[in-house]
Amino acid sequence: MNDKTASTRTSVTEQEALDFHSDGRPGKLEITPTKPMATQRDLSLAYSPGVAVPVLAIAADPAKAYDYTTRGNMVAVISNGTAILGLGNLGALASKPVMEGKSVLFKRFADVDSIDLEVDTENVDEFINCVRYLGPSFGGINLEDIKAPECFIIESRLRELMDIPVFHDDQHGTAIIAAAGLINALKLTGRDLKTTKLVCNGAGAAAIACIELIKAMGFAPENIILCDTKGVIYQGRTEGMNQWKSAHAAKTDRRSLEEAMNGADVVFGLSQKGAFTEEMIRSMAPKPIIFAMANPDPEITPEEVARIRDDAIMATGRSDYPNQVNNVLGFPYIFRGALDVRARQINDAMKIAAAQALANLAREAVPDDVAAAYQGVRPRFGAQYIIPVPFDPRLISAIPMAVAQAAMESGVARREITDIAAYGRELAARRDPIAATTQSIYDRVRRFPKRVVFAEAEEEQVMRAAISFCNQELGTAILLGRDDVIRATAEKAGIDLDQPGIEIVNARISKRTEAYTDHLYAKLQRQGYLLRDVQRLINNDRNHFAATMVAVGDADAMVTGTTRNYASALADVRRCIATKPGHRVIGVSLVVARGRTIFVADTAVHDQPNAEDLADIATEAARVARRMGYEPRVAMLAYSNFGQSVGERSERVREAIKILDSRRVDFEYDGEIAADVALNATRMEQYPFCRLSGTANVLVMPAIHSASIATRMLQELGGSTLIGPLLVGLDKSVQITQMGAKDSEIVNMAAIAAYNAGS
Ligand SMILES: NC(=O)C1=CN([C@@H]2O[C@H](COP(=O)(O)OP(=O)(O)OC[C@H]3O[C@@H](n4cnc5c(N)ncnc54)[C@H](OP(=O)(O)O)[C@@H]3O)[C@@H](O)[C@H]2O)C=CC1
Ligand SMILES: CC(=O)C(=O)O
Ligand SMILES: [Mg+2]
């Protein structure tokens with residue numbers, strides 16, 4: 001295996017994948033309490049004696065477990081590692097990264113709490129016995145990466161034994177998504193479900209479930225051929241058979257996959273990397289539908305198919321190609337809907353409802369607030385868009401609603417949702433748009449790649465960031481520094497710089513030095529700088545060289561800051577690049593915590609802003625929020641609320657409100673207001689006259705020290721993720737990282753810099 005996780009796309013290296021998992025706290029999950037645990041009283045309530053009260057309540061009425069414990073929102077992801085993705089049987093322990101990943105996706109996409117459990121046995125009875133007694137802990141069981149045929153026995157026995165949904169994701173999750181994609185691909189190619197000929201390569205967990213679901217939806221059984229490692233599963237075959245394969249054995253004289261695919265309309269790959277050859281694809285019917293769903297590498301890549309056919313609809317299980325047919329589109333939302341009605345099981349009606357909802361979504365026009373999740377372009381139903389992307393913010397409402405409705409109609413719900421529209425709004429509130437936003441930043445940059453100069457390229461982490469920037473196809477990375485030093489450091493660190501998209505520029509011997517000096521001298525000559533001062537800046541200081549490079553258009557954007565403190569890096573940059581007309585240069589930090597994303601400004605530039613500055617900061621920060629897909633609700637923060645204090649600091653904020661009033665700005669704002677009131681709906685109710693229509697998502701801080709202290713405390717003590725400060729308002733695109741930033745932080749900043757450089 002080379003140092004990439006895929007032969008065709010090179011989005012992440014093996015080292016990046018390992019670093020990602022080991023960085024900070026190893027793994028991808030932690031458990032945090034939801035109740036305060038600070039005082040003797042808290043302890044008495046959470047534990048003995050208080051805890052006895054819910055114990056007795058649940059003993060008297062088991063349904064109360066949903067009110068007093070995590071059960072109703074908690075799913076276990078359980079595997080024995082016998083079919084880890086398409087990697088095979090690598091054991092329970094090796095499956096843990098995938099299972100942690102599934103748990104994280106549950107949380108990220110559908111706000112379902114989840115824990116991974118790896119059960120170290122291949123014995124079916126032992127496995128069942130282990131899981132069946134865990135029922136009281138969970139609202140649902142998501143079985144994962146358990147190989148066929150054992151998975152069929154395990155799932156069906158557990159379904160009988162447990163009164164909560166038991167769902168083998170590789171079977172039903174995959175089947176639901178593949179069925180949704182198939183419905184749309186058939187529609188696009190004008191085919192009828194009843195006459196279409198389909199070959200499925202793979203006859204394991206995913207394949208059997210896919211075939212069963214599409215048959216249940218009306219696909220003609222005689223038009224389906226299933227293949228496995230021994231070739232076609234035909235009636236009468238004895239080798240490598242089991243009862244689940246036999247149930248789908250075809251009456252055919254075709255024997256090999258090659259023969260089966262000849263003339264087929266549709267092929268599903270649920271087998272292994274590289275199982276389809278170009279010849280097989282060439283022999284398919286016109287407008288073939290090819291779902292190569294093996295992970296992490298498909299049976300055939302879209303590039304290989306494109307080389308030989310221009311009439312195919314192509315899908316894979318991967319996120320870095322169009323049409324990702326992957327169960328990530330299903331399991332978080334299906335469980336969300338099932339949990340919300342306390343379903344006893346996930347039945348066929350719920351699965352078909354989920355597939356239909358997913359298929360319908362791809363056919364709907366994409367509204368503005370959704371377009372951001374789609375690579376900066378509004379996708380139109382067609383060969384490149386048969387299924388929504390996992391970041392589509394509509395999924396969290398559409399799929400659980402359909403699933404919950406179907407559960408209620410089919411009689412497996414233990415709780416009725418009477419106001420389904422209100423339920424839809426509740427679901428929408430669970431989504432955290434930051435994921436879609438950051439994804440859309442990356443996707444947009446991929447569509448309009450940029451030349452980004454990395455000003456401190458002699459540093460190892462900067463080089464790594466630059467390589468990652470190129471590998472992710474975000475553009476060209478210009479490494480600024482001494483060629484020999486960069487190469488020596490790279491060699492020592494085992495970094496290969498000889499790859500497309502990497503360019504090294506040595507300021508000392510650059511042919512552009514004179515042009516940059518002239519440019520900067522013209523800008524600075526009336527600010528007390530002599531020509532020789534400017535020559536020194538350009539020759540000796542990489543920030544000045546890089547910023548001028550961007551100023552004259554030799555690069556689109558710049559990233560710096562790892563080796564110098566923020567203020568001095570900013571001063572360097574501002575010497576070379578002017579403020580954008582009509583704007584104010586400020587720093588905006590994004591705090592992501594507990595599913596909320598809050599913009600905080602100004603975290604970088606204005607030390608003690610006056611009222612006019614605060615009004616400008618509010619306007620600039622509102623622009624940033626809007627650009628990232630949020631409708632701004634700006635709170636002008638102070639330590640008091642609406643005139644409670646007569647102090648100068650609060651007075652200044654009140655004055656800023658008056659300035660915004662006089663400017664008739666096009667966003668919501670109010671103040672002066674304290675942070676707890678701005679962020680807490682109940683506290684805000686004490687001020688019914690407050691003009692904000694909901695809790696604030698943009699906080700304008702009264703001064704830089706409060707901004708800096710608050711954001712850093714949140715990061716360190718509150719477990720928040722802090723992005724930024726993002727530098728905005730400059731005429732050219734520059735981002736400054738925190739000193740000592742890691743490669744992942746630098747590459748994020750480079751992506752944001754490239755994004756801000758426009759299309
Ligand atoms: N995109 C998605 O959402 C999902 C994709 N998958 C992918 O589907 C694949 C199978 O997973 P799963 O069903 O869980 O695993 P199983 O172990 O249950 O089944 C694997 C099946 O693939 C067959 N197979 C393996 N290699 C070949 C080959 N070269 N040619 C033909 N058949 C082959 C096996 O044949 P035999 O019976 O002869 O051993 C077996 O029937 C994996 O690559 C997995 O990543 C799975 C779930 C979701
Ligand atoms: C996606 C998935 O679950 C698999 O490939 O196994
Ligand atoms: Mg799986």
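How are the donor residues of the magnesium ion (ligand 3) spaced in sequence? They follow the pattern E-D-x24-D. This is a predicted model, in which local features need pLDDT of at least 70 and side-chain atom pairs count only at pLDDT 80 or more, while totals for chains, interfaces and linings use all residues. Residues are numbered from 1 along each chain as its sequence is written, chains are lettered from A and ligands numbered from 1 in the order in which they are written, and side-chain values use heavy atoms, with hydrogens and water left out.

Let's start at the metal. Glu144 (OE), Asp145 (OD) and Asp170 (OD) coordinate the magnesium ion (ligand 3) at 2.0 to 2.1 Å. Donors are N, O and S atoms within 2.8 Å of the metal (3.2 Å for Na, K and Ca); water is not among the atoms, so sites may look incomplete.

Buried means under 20% relative accessible area, exposed over 50%, and partly exposed in between (1.4 Å probe, protein chains only). Helices (H or I, at least four residues) and strands (E, at least two) are DSSP runs, numbered from the N terminus.

Now to helix H18 (residues 420–430), where Tyr423, Gly424 and Leu427 are buried. Because they cover an arc of only 105° around the axis (taken from the directions from the helix axis to the C-beta atoms), they lie on the same side of H18. The face turned away from that side carries the exposed residues Arg425 and Ala429.
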